[in-house]
Amino acid sequence: MYRQLCDVLHKECILHGKLLDMENTKTEILVKGDVDRLDALMKSQQPVVMECSHLEGRRQELQESMGLGSATLREIVLTCDTQEKDELSQVMDELSDVILKLKKVNGTNMAIVTSRIETIGQISAMLGLEDRQITYQKP
């Protein structure tokens with residue numbers, strides 16, 4: 001079972017690495033303001049995110065079947081006495097590293113988007129458009 005858990009975690013690490021690359025690309029796109037490329041990137045991210053979700057579900061199922069449902073990965077490594085202990089520890093460290101980097105890039109991207117939204121709001125306010133609602137009427 002520990003072998004299967006290592007395999008799932010390794011796949012998660014690879015997919016999160018792909019997401020990290022995509023998020024770094026997204027940062028560049030957001031800075032340039034290229035809406036078409038942003039839309040295309042977000043569409044290509046969806047299957048990767050879905051696969052990450054599927055693998056996370058598989059990991060949770062494995063942990064449940066091992067009687068470790070509520071244990072953290074660090075706790076699992078500490079209790080593991082099989083030959084996979086070193087590999088499990090290494091994969092867990094790599095996954096943690098990738099996820100921390102992903103959180104940092106996501107924070108940067110959120111800051112860029114928030115700044116853009118605030119700028120649009122300020123420009124709208126200066127033009128007197130902030131409270132104006134557009135309604136459509138028959139001609």
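Let's start where two helices meet: helix 1 and helix 2 pack at an angle of about 160 degrees, and their axes lie 9 Å apart. Angles over 145 degrees count as roughly antiparallel, so helix 1 is roughly antiparallel to helix 2. Their crossing is left-handed. Sorted by class, the contact of helix 1 with helix 2 has 16 nonpolar, five polar and eleven charged residues. Keep in mind as you look around that this is a predicted model.

Helix 1 has another partner. Helix 1, residues 2-32, also packs with helix 4, residues 85-126, and here the angle is about 25 degrees, with the axes 9 Å apart. Angles under 35 degrees count as roughly parallel, and therefore helix 1 and helix 4 are roughly parallel to each other. The crossing of helix 1 and helix 4 is left-handed. By class, the contact of helix 1 with helix 4 has 18 nonpolar, eight polar and eight charged residues.

Now follow helix 1 along its own length. What follows helix 1? The next residue is Gly33, which has a positive phi, near 75 degrees.

Is Gly57 buried, exposed or partly exposed? Its relative accessible area is 25%, so Gly57 is partly exposed. For a sense of distance, Gly57 and Lys103 are separated by 46 residues in sequence and by 20 Å in space, C-alpha to C-alpha.

Cys52 is found in helix 2 as well. Its relative accessible area is 8%, and because buried means under 20%, Cys52 is buried. From Cys52 to Asp81 there are 29 residues in sequence and 27 Å in space, again C-alpha to C-alpha.

That brings us to the cysteines. How many disulfides does the structure hold? The count is zero. To see why, recall that a disulfide needs a pair of cysteine sulfur atoms within 2.5 Å. The cysteine sulfur closest to that of Cys52 belongs to Cys13, and at 10 Å it is too far for a bond. For Cys6, the closest cysteine sulfur is in Cys80, and the 7.2 Å between them is likewise too far for a bond. Cys6 itself has 0% relative accessibility, so Cys6 counts as buried.

To look back over the packing, helix 1 runs roughly antiparallel to helix 2, while helix 1 and helix 4 are roughly parallel.

Methods: Residues are numbered from 1 along each chain as its sequence is written. This is a predicted model: local features need pLDDT of at least 70, side-chain atom pairs count only at pLDDT 80 or more; totals for chains, interfaces and linings use all residues. Side-chain values use heavy atoms; hydrogens and water are left out. Axes are lines fitted to C-alpha atoms, for helices over the stretch in contact, and angles run from 0 to 180 degrees between N-to-C directions. Helices (H or I, at least four residues) and strands (E, at least two) are DSSP runs, numbered from the N terminus. Angles under 35 degrees count as roughly parallel, over 145 as roughly antiparallel, 65 to 115 as roughly perpendicular and the rest as oblique. A crossing is left-handed if the near helix is turned anticlockwise from the far one by less than a right angle, and right-handed if clockwise. Ala, Val, Leu, Ile, Met, Phe, Trp, Tyr, Cys and Pro count as nonpolar, Asp, Glu, Lys and Arg as charged, and the others, Gly among them, as polar. Buried means under 20% relative accessible area, exposed over 50%, partly exposed in between (1.4 Å probe, protein chains only).
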